[in-house]
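Hello,

Here is the structure I promised to pass on to you. Please open it and keep it in view while you read the notes below.

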Amino acid sequence: MKGFPTILSTTLGVLAAALLIATSATLAHAQQAPLQDKPFAEHKVVLQLSDNDPKKQGMVISVANNLMKFYDPDKVAVEIVAFGPGIDLLRPENPNRKLVESLVAQGARVDICLNTVDTIERETGKRPDYIAAATPVQVGVAQILLLTENGYTLVRP
């Protein structure tokens, strides 16, 4: 019984550390957008946008729009995840703004990476504006991982 207090304190320390790690993981996961509520979706697609090339932006919008038309908006879950230079698509002055807002009105979701927004703010001293239709997620790539782990197919047009 001499070593019992040492074993007990070591066990409690390990349990406390495990609880801290589990809590941290849960909080990090909680900062991502939840999965879309599309119970009748037969197809789930996540479109990655990580550069600001207007042709790629147009391609992402076109693919999302074509999927919504082909499958019916209730039968397909479409999520665009913009990070890095890709968030330019979600700026208020972007010429594709109305097309993005139309996709969101049809049931698609468009995510913006807050890590990218924070980086731009640190580098420029000004927080960039983005459209209200965008769903903020803390980490764009983590959102893509969450989606693919839950049955979404990743497409990078």
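Predicted model: local features only at pLDDT ≥ 70, side-chain atom pairs only at ≥ 80, totals over all residues.

Leaving out residues up to four places away in sequence, L47 touches V60, V63, A64, V78, E79, I80, V81, V155 and P157. One of these, E79, is 32 residues from L47 along the chain, yet their C-alpha atoms are separated by 6.1 Å. Another, V155, is the bridge partner of L47 in β5.

Now for the sheet around it. The sheet is open and has 5 strands, in the order β4-β3-β2-β1-β5, with parallel pairing. The edges are formed by β4 (134-137) and β5 (153-155); each has a single partner strand, so one side of each has no neighbour in the sheet. From one strand to the next, the twist averages 30°.

Strand β1 covers residues 43-49 and is joined to β5 by 3 bridges, the two strands running parallel. With β2, β1 pairs over 7 bridges, also in the parallel sense. In that pairing, V46 stands opposite E79 of β2.

How many of the residues of β2 are buried? The count is 7 of 7, and β2 is described as mostly covered. V76, V78, I80 and A82 point one way from the strand, while A77, E79 and V81 point the other way. In a regular strand, side chains alternate between the two faces of the sheet.

Next, the helices. Helix α2 (residues 54-71) lies across β1 and β2 (76-82), and runs at about 170° to β1. Helix α5 (residues 140-149) also packs on the sheet, where it touches β1, β2, β3 (109-113), β4 and β5. The direction of α5 makes about 160° with that of β2.

Helix α2 has a helix partner too: α2 and α3 pack with their axes 11 Å apart, at an angle of about 30°. Because angles under 35 degrees count as roughly parallel, α2 is roughly parallel to α3. Their crossing is left-handed. On the α2 side the contact is made by I61, A64, N65 and M68, and on the α3 side by L99, V100 and L103. By class, this contact has 6 nonpolar residues, 1 polar residue and no charged ones.

Two loop residues are worth a look as well. D72 is in the loop between α2 and β2. Although D72 is not a glycine, its phi is positive, at about 85°. Most residues other than glycine have a negative phi. With 36% relative accessibility, D72 counts as partly exposed.

The other is R91, in the loop between β2 and α3 (97-105). Which residues is R91 in contact with, leaving aside its neighbours within four places in sequence? They are I120, P128, D129, Y130 and I131. For P128, which is 37 residues from R91 along the chain, the separation of the two C-alpha atoms is 7.9 Å.

Happy browsing, and best wishes

Terms used: Residues numbered from 1 in each chain as written. Heavy atoms only, no water. Pairing = 2+ DSSP bridges. Helix = DSSP H or I, 4+ residues; strand = E, 2+ residues; numbered from the N terminus. Axes fitted to C-alpha atoms, helices over the stretch in contact; angles between N-to-C directions. Contact = heavy atoms within 4.5 Å. Buried < 20%, exposed > 50% of the residue type's maximum accessible area, 1.4 Å probe, protein only. Parallel < 35°, antiparallel > 145°, perpendicular 65-115°, else oblique. Left-handed = near helix turned anticlockwise from the far one by under 90°. Nonpolar A, V, L, I, M, F, W, Y, C, P; charged D, E, K, R; others polar.
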